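Morning, everyone. I have one model to walk through today. Please put it up on the screen.

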Amino acid sequence: DKVYWSDGDSMEIVNYLFPETVPSSRNPAKETVAMMHLFDSLFGPYPFKKEKYGHAQMLRSGGMEHQTMSFMSGLNYGLVAHELAHQWFGDQVTCATWSDLWLNEGFATYLSYLTFYHLKSAEESREELISIRNRAMRENSGSVFVVDTMDVSRLFSGRLTYAKGALLLRMLEWKLGSDNFYLGIRNYLLDPKLSYGSATTLDLIRHLEAVSNESLTEFFVDWFYGEGYPTFTVRWGIENGFTAIDFEQVGNSSVDFFDIPIPIRFMNADRDTLVRIEEDQLQEKVLLDLGFKPDSMEFDPELWIMAKSQVFKESEINLILSLYPNPAQNEIIVRHTIGDVTDISLYDLSGKKLNTNSWKNYLGLLEINLPDLSNGVYILEIVGLNGMIKDRFVKASP
């Protein structure tokens, strides 16, 4: 096979395969050409175009890129894309320290996904992205940054270095915009001080900040050095002609608040629109004038951000603004516009009504003591002048 460049030059792609695997390898081998053109268009010229590229089949499982010749157990589509990506991220520029290993493996994982996005069907692309997300979000712990570089299993963690590293890049593309993201990456690869040498994460940050004029310090503190991911509770509805959204973000013991814009799609039978919410606090209410009345909403429809979510549609979203902390320990606080509170009830998940602990109602703020509750999930029911609201919360010991 050969790859033909836009300037008229060509380069040979050489494959050394076991004879019995040649028939099943023909399509993946030819697909290497399309991948090569894709990476060339997104990230700059193939770094070794005066030489060659190819695959050498081996008896061990998996793949291992080498400059211009990757060793492969077989020509699996995703594996071919991953090892080809390393010609840019690993061979043209390699990580300067083991702590920055994601600069090789996170990039290669994301570029492999990009081949599905650009060259395969929408269904295959989404399946691949969901597979990466499921791997990264299997546990809500662990940082992309490697603390113990003597721990080989942690260095090559498929969950953190590969999958979470890939999602970190996807979030950067969403946060900065694709134009700035790819320009910054190309500048990083072609930087004379880095190209055909080594780089750190700070070098990448420097180039992305230069093209976007945006500080990425907080983003990397949260997503690179910090552990895990957030969970969002989103309530929405129509309030005085506006579309109202009430956000609550719950972090973890490592990161209280994750810095990331939130994509939301609103729809009805005739129209839809995607809005970008620049959330800057744990609880936040936003009013939007969409120009139409939506009847449905989707949180992060294209899976740009690494987060879990639960969405509720409220007939009157302004009755309950937030319930926190959740999980709760000794007390829970409810911000509301229900007016004068006349009754509060607590139920367990079986529907059994429990004795209500002492509570205080201030203007729009309700404080409820919880010292006598055992750990578990409960339903809070509040009745007031403006109606009734229900919400769930978790009681957890300190």
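A word on terms before anything else: contact means heavy atoms within 4.5 Å. Helices (H or I, at least four residues) and strands (E, at least two) are DSSP runs, numbered from the N terminus.

Now the ground rules. This is a predicted model: local features need pLDDT of at least 70, side-chain atom pairs count only at pLDDT 80 or more, and totals for chains, interfaces and linings use all residues. Residues are numbered from 1 along each chain as its sequence is written, and side-chain values use heavy atoms, with hydrogens and water left out.

The overall picture. The protein chain has nine helices and 22 strands. Its C-alpha atoms fill a box of roughly 80 × 50 × 45 Å along the principal axes. Of its 398 residues, 52% are buried. Buried is under 20% relative accessible area, exposed is over 50%, and partly exposed lies in between (1.4 Å probe, protein chains only).

Start with helix H2, residues 77-85. Nine of its nine residues are buried, so H2 is largely enclosed by the rest of the structure. What do the buried residues of H2 pack against? Helix H1 (22-43), helix H3 (102-119) and H6, plus strands S3 (53-57), S4 (63-64) and S5 (70-72). At the N-terminal end, Asn76 is the cap: a side-chain oxygen sits 3.1 Å from the backbone nitrogen of Gly78. That is a polar contact, a pair of N or O atoms within 3.5 Å; within protein, one must be able to donate a hydrogen and the other to accept it, and residues adjacent in sequence count only if both atoms are side-chain atoms.

Next, the sheet. Five strands form an open, mixed sheet, in the order S1-S2-S3-S5-S4. Strands pair if DSSP finds at least two bridges between them. S1 (2-4) and S4 are at the edges with a single partner strand each, so one side of each lacks a neighbour in the sheet. S3 and S5 run parallel over three bridges. Ala56 stands opposite Phe71 in S5.

Last, the helix pair H6 (158-176) and H7 (178-190). Their axes are 6 Å apart, at an angle of about 125 degrees. That makes H6 oblique to H7. Axes are lines fitted to C-alpha atoms, for helices over the stretch in contact, and angles run from 0 to 180 degrees between N-to-C directions. Under 35 degrees is roughly parallel, over 145 roughly antiparallel, 65 to 115 roughly perpendicular, and the rest oblique. On the H6 side, Leu169, Leu172, Glu173 and Leu176 meet Ser178, Asn180, Phe181 and Tyr182 in H7.
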